[in-house]
Amino acid sequence: YNRPIFHHLIDMMESLEIEDIYVVVNVHKKYILQYYKSIKSSLKTRIHFIVQKELDGMANAILLTEKYIKNQPFLVILGDECIITDSLETMIESFFDTGAIVTELITKEDSKETLKQTCSLSIGKDNKILEILEKPEEPPYMIRGCGIYLFDPEIFKFIRNTPVHPIRKEKDITTVISNVAKTGKAYGYFFNGYNININDSDELLKASILYKEFLNEKN
């Protein structure tokens with residue numbers, strides 16, 4: 001709508017009083033850095049860039065942050081996520097209340113095509129994740145995981161212990177979360193608002209319209 005997705009995500013993190021953001025880059029790194037330089041003076045948070053030299057999966061991208069994050073819980077937001085909500089503060093509270101290793105933002109999803117492009121999961125008592133499937137050909141559950149996660153540092157151990165996917169030749173974070181779910185320490189968090197995983201121009205347009213409506217309601 002009025003700025004790149006990247007900037008909206010920074011705004012969200014600043015609203016949560018996050019002081020340091022680590023941005024993992026590869027594709028279009030040049031343009032991301034150019035944009036950052038144009039807004040740097042107006043930001044409250046410190047932004048650091050980490051280059052993922054080989055595109056070997058989202059889980060490995062997250063693993064690159066380990067030496068910077070060390071022993072602190074941390075938030076991950078994927079760069080193609082449009083999230084319009086005021087409820088991330090309560091997601092953070094839920095994460096600490098449950099003693100989770102991972103809490104993933106989740107939403108009910110009516111479109112099986114969308115689930116095929118993202119992930120499908122089932123939840124049990126207290127919103128514990130029972131099963132989560134990455135890009136299933138036939139989605140068995142009408143709940144979608146969104147690309148926003150809270151992790152305990154223990155997640156790094158799970159990433160290292162997760163094998164590379166035999167077909168995609170990468171480590172996807174959904175498989176890692178599935179392994180955490182087997183320990184009973186993976187949770188979903190339903191939120192109030194909108195989430196669009198932006199893969200094409202139509203989804204970008206839809207996100208822009210929703211964000212404009214959201215700003216108008218706030219004003």
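The structure is a predicted model, in which local features are reported only at a pLDDT of at least 70 and side-chain atom pairs only at pLDDT 80 or more, while totals for chains, interfaces and linings draw on all residues. Residue numbers start from 1 along each chain as its sequence is written, and side-chain values rest on heavy atoms, with hydrogens and water left out.

**Overall form**

The protein has nine helices and 10 strands, where helices (H or I, at least four residues) and strands (E, at least two) are DSSP runs numbered from the N terminus. With a radius of gyration of 17 Å, close to the 17 Å that the globule rule gives for 219 residues, the protein is as compact as a globular protein of that length; the radius is taken over C-alpha atoms, and the rule is 2.2 Å times the number of residues to the power 0.38. The C-alpha trace spans about 45 × 40 × 35 Å along its principal axes.

Of the 219 residues, 44% count as buried, a term that stands for under 20% relative accessible area, with exposed meaning over 50% and partly exposed the range in between (1.4 Å probe, protein chains only). The protein exposes about 12400 Å², of which carbon and sulfur atoms supply 50%; these accessible areas come from the Shrake-Rupley method with a 1.4 Å probe, and for residues only the protein chains shown count as cover. Among contacts with a separation of 6 or more, 72% come from residues 24 or more positions apart, a contact being heavy atoms within 4.5 Å.

**The sheet**

The table lists the pairings, two strands counting as paired if DSSP finds at least two bridges between them.

| Strand pair | Sense | Bridges |
|---|---|---|
| E3 and E8 | antiparallel | four bridges |
| E5 and E8 | antiparallel | six bridges |
| E5 and E9 | parallel | five bridges |

Individual positions can be followed across strand E5 (residues 102-108): Val 102 stands opposite Phe 151 in E8, and Ile 106 has Phe 190 in E9 as its bridge partner. Strand E8 is mostly covered, as nine of its nine residues are buried.

**The nonpolar cores**

In soluble globular proteins, nonpolar side chains tend to be buried together. The largest nonpolar core holds 27 residues, of which Leu 105 and Ile 148 touch the most other members; such a core is a set of buried Ala, Val, Leu, Ile, Met, Phe, Trp, Tyr and Cys residues joined through side-chain atoms within 4.5 Å. The elements that each supply at least two residues of this core include helix H1 (5-15), helix H5 (88-98), strand E8 (143-151) and strand E9, and H1 gives the most, with five residues. Leaving aside neighbours within four places in sequence, the contacts of Ile 148 include Leu 75, Val 76, Met 91, Thr 103 and Leu 105. A second, separate core of 26 residues includes Phe 74, Leu 121, Ile 159 and Val 180.

Helix H1 is largely enclosed by the rest of the structure, because eight of its 11 residues are buried. The buried residues of H1 include Phe 6, Leu 9, Ile 10 and Met 13, but also His 7, His 8 and Glu 14. H1 is followed by Glu 17, whose phi is positive, near 65°.

**Loop positions**

Two further residues have a positive phi although neither is a glycine: Asn 127, at about 65°, and Lys 135, at about 45°. Asn 127 lies in the loop between strand E6 (119-123) and strand E7 (129-134) and, at 26% relative accessibility, counts as partly exposed. Lys 135 lies in the loop between E7 and E8 and is likewise partly exposed, at 45% relative accessibility.

Thr 65, in the loop between helix H3 (58-63) and helix H4 (66-69), counts as buried at 7% relative accessibility. Beyond its neighbours within four places in sequence, Thr 65 is in contact with Tyr 22, Val 24, Ile 50 and Phe 156.
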